[in-house]
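The sequence and structure come first.

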Amino acid sequence: MDPYKLQRQNAAIRKVLGELLAVEVKDPRVGFVTISGVELNRDQTVAEVFVSVLGGEQERKDSLAGLKKARGFLQGRLSDLLRLRATPDLRFIYDESLDQGLGVETILDELSARGEFVDEAERRRRRTLDSLAPPPDLLAALAAASRIWVAPHVNPDPDAMGSALALAEALRETGREAEALRYAEAPAGCETLPGYPEALDPEAVAAALAGGEGPDLVVTVDCHHLERTGDYAAALADVGAAWCIDHHLDGNGPAPLPGWIEPVASSASLLVLRVIESLAAGDGEGAPAFALNASMATNLYAGLYTDTGGFRFPNTLPLSFEAAARLVSAGADAADVAERTLHQRTPASLALLARVLDTFEYHHGGRLLSLRVTRAMLAATGTVMADTEQFTGLASAVRGVRFVVFLKEREDGAWRVSLRTDAAGDVHAAASRRGGGGHRQAAGCTVAGDPATLVAELAAELAPQLD
Ligand SMILES: [Mn+2]
């Protein structure tokens with residue numbers, strides 16, 4: 001089995017076992033158990049399950065006894081749920097490394113006592129761009145491939161599309177055949193990105209695959225599942241290895257592709273910048289392999305600028321400005337990107353905005369604002385869903401508003417819910433509970449049902465955060 005499949009299988013087993021322990025195993029002794037890792041052997045007959053236990057020596061003994069008792073049940077459920085060919089023999093191993101983790105806690109307590117404790121927000125502020133280092137195995141996968149396709153998520157935004165275009169161009173500079181993929185529609189802000197017209201469209205992708213000219217490596221950017229590549233997903237799953245570069249957290253999805261997921265990055269393009277800088281440095285001996293040029297820099301800056309809402313969102317950190325400085329130095333035209341992305345309006349999108357403004361509803365004394373767009377509004381104004389991208393930002397800028405709930409009607413009648421909050425809020429949990437994902441400040445999910453009821457439920461759920 002190839003190592004990436006094995007890695008995904010390990011992650012899947014870990015996730016399912018965690019859920020089984022939390023939901024199905026009634027033995028209270030296993031309530032203290034956390035699964036820190038799973039390692040399947042090559043023929044998948046044995047799975048070593050590394051566990052840590054909250055509590056002392058007694059809890060540890062009890063928990064391991066509870067796990068031993070539940071072993072047969074867990075093995076059966078696991079092979080049912082994951083449709084495994086063979087049922088792996090589960091071996092529970094106590095993970096000592098987490099005890100050393102407790103040592104870290106003690107050190108943090110001491111630092112805290114001395115007034116040197118650094119909280120999460122401060123740690124984020126202190127992160128430098130150079131502290132974001134691409135994983136060596138991702139760089140190795142790029143180095144080993146000769147034909148690479150870089151795939152943004154379906155309905156790409158400038159971060160996804162710009163990242164794909166820049167990475168493909170940089171990979172070509174290293175002598176590889178590399179192409180960015182685009183979709184049938186050109187979403188706002190993407191069609192004027194440098195190199196966009198040359199990206200492979202669905203017809204070119206189909207022709208390449210039919211002619212045996214597919215890639216030996218796919219890299220997804222701004223997403224970490226092939227499922228997010230829409231109509232390409234099935235074909236891309238067949239071509240070979242797939243890796244990801246992403247900055248989204250997603251607790252509910254299937255195990256992510258191997259690669260680099262770094263939520264401190266305000267855009268995927270910032271991570272792609274670091275990958276390009278590694279590629280450009282060459283082997284570290286002699287002259288650099290190539291230089292970050294103006295078209296790569298413009299594509300990456302478009303992602304950086306739009307994903308921070310024009311350096312407005314709480315994800316705007318010092319490292320975002322470090323990246324901005326490097327990209328503008330390399331030739332990105334900051335003013336032009338701003339004009340062509342966030343601040344551009346079409347008459348049709350303004351007509352749509354007029355209708356959506358009519359749906360604004362204030363809850364909790366104006367601290368939560370809900371809005372909605374229906375398929376009928378899009379049809380009446382000749383717009384597409386991508387034309388609503390700026391509306392969340394508009395709503396969150398209303399004085400007093402801390403939470404935005406934006407419902408977008410999908411073609412199948414379900415609602416895509418975009419949630420947004422300020423630096424103190426958390427909407428990730430509400431989205432995650434509904435099978436979605438995202439970040440603490442911006443998250444989304446898809447739900448069916450009456451829109452007014454959905455808004456009322458979300459408003460009630462977020463209310464405790466308003467006190
Ligand atoms: Mn992004």
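Two strands pair if DSSP finds at least two bridges between them. The model is predicted: local features need pLDDT of at least 70, side-chain atom pairs count only at pLDDT 80 or more, and totals for chains, interfaces and linings use all residues. Numbering starts from 1 along each chain as its sequence is written.

An open sheet of six strands runs in the order β9-β10-β11-β12-β14-β13, with mixed pairing. β9 (361-363) and β13 (437-438) are the edge strands, each with a single partner, so one side of each has no neighbour in the sheet. Strands β12 and β14 are antiparallel and share six bridges; R420 stands opposite A442 in β14. Helix α17 packs on this sheet, touching β9, β10, β11, β12 and β14, and its direction makes about 155 degrees with that of β11. Contact here means C-beta atoms, placed from the backbone, within 7 Å.

Elements are DSSP runs numbered from the N terminus: helices are H or I of at least four residues, strands E of at least two.

| Element | Residues |
|---|---|
| Strand β12 | 415-421 |
| Strand β14 | 442-447 |
| Helix α17 | 451-462 |

The axes of α10 (residues 294-307) and α11 (residues 318-329) come within 9 Å and cross at roughly 155 degrees. The two helices are therefore roughly antiparallel, a label for angles over 145 degrees. Axes are lines fitted to C-alpha atoms, for helices over the stretch in contact, and angles run from 0 to 180 degrees between N-to-C directions. In α10, A297, L300, Y301 and L304 meet S320, A323, A324, L327 and V328 in α11.

Terms used. Angles under 35 degrees count as roughly parallel, over 145 as roughly antiparallel, 65 to 115 as roughly perpendicular and the rest as oblique. Two residues are in contact if their C-beta atoms, placed from the backbone, lie within 7 Å.
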